[in-house]
Amino acid sequence: MGGVRGAFDAHLAAGYFHAYSVVGLVAVVGVLFVAVAFAAGHLLRPVAPTREKMLTYECGVDPVGEGWAQTQIRYYVYSFLYVIFAVDAIYLFPWATVFAAPGFGGTTLVEMFVFIGFLAVGLLYAWKKGVLEWT
């Protein structure tokens with residue numbers, strides 16, 4: 001009886017390692033494909049460096065002056081607020097599915113009002129600080 005069990009375990013282990021060998025083979029082929037593509041690009045591209053090609057390119061505007069420029073912080077604040085509310089909007093979809101399930105209506109409704117309340121307080125704080133004014 002032990003021989004049958006041992007043969008079964010060996011067969012199971014062989015299938016297990018076969019699955020991983022397929023994953024490893026695909027990974028190796030992927031790495032080789034990328035390496036060959038980079039090598040071919042390096043060998044086939046023309047090399048003709050000029051002064052203009054070595055300049056920094058920024059949206060079609062010729063670089064003038066120093067490379068250091070100041071950016072207003074309000075752009076980052078707007079993007080941060082957008083990310084916060086976009087992520088919060090994602091949480092509304094699972095809530096809607098749970099809210100529709102029987103037995104979860106009242107509890108999930110209260111939880112969502114608390115969640116939206118926190119969002120409203122954060123938005124009110126940003127509005128009072130003048131963050132939402134574009135001047």
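Here is a walk through this predicted model, starting with the overall fold and ending at one aspartate.

The protein has 3 helices and 0 strands, so to read it along the sequence is to follow the pattern α-α-α.

Now look at the pair formed by H2 and H3. Helix H2 covers residues 74-100, and helix H3 covers residues 105-128. A packed pair like this is described by two things, the angle between the axes and the distance between them. For H2 and H3, the angle is about 170° and the axes lie 11 Å apart. Angles over 145 degrees count as roughly antiparallel, and H2 and H3 are therefore roughly antiparallel to each other.

Who does the touching? On the H2 side, the residues are Leu81, Phe85, Asp88, Tyr91, Leu92, Trp95, Val98 and Phe99. They meet Gly105, Thr108, Leu109, Met112, Phe115, Leu119, Leu123 and Ala126 from H3. Sorted by class, this contact has 13 nonpolar, 2 polar and 1 charged residues.

That brings us to Asp88, which sits in H2 and is one of the residues meeting H3. Is Asp88 buried or exposed? Asp88 is buried, yet has no salt bridge. The nearest side chain of opposite charge belongs to Lys129, and that is 20 Å away; a salt bridge needs the two groups within 4 Å. What Asp88 does touch, leaving aside neighbours within four places in sequence, is Phe115 and Leu119, and both of these belong to H3's side of the contact with H2.

Methods. Residues are numbered from 1 along each chain as its sequence is written. This is a predicted model: local features need pLDDT of at least 70, side-chain atom pairs count only at pLDDT 80 or more; totals for chains, interfaces and linings use all residues. Side-chain values use heavy atoms; hydrogens and water are left out. Helices (H or I, at least four residues) and strands (E, at least two) are DSSP runs, numbered from the N terminus. Buried means under 20% relative accessible area, exposed over 50%, partly exposed in between (1.4 Å probe, protein chains only). Lys and Arg count as positive and Asp and Glu as negative; His and the chain ends are not counted. Contact means heavy atoms within 4.5 Å. Axes are lines fitted to C-alpha atoms, for helices over the stretch in contact, and angles run from 0 to 180 degrees between N-to-C directions. Angles under 35 degrees count as roughly parallel, over 145 as roughly antiparallel, 65 to 115 as roughly perpendicular and the rest as oblique. Ala, Val, Leu, Ile, Met, Phe, Trp, Tyr, Cys and Pro count as nonpolar, Asp, Glu, Lys and Arg as charged, and the others, Gly among them, as polar.
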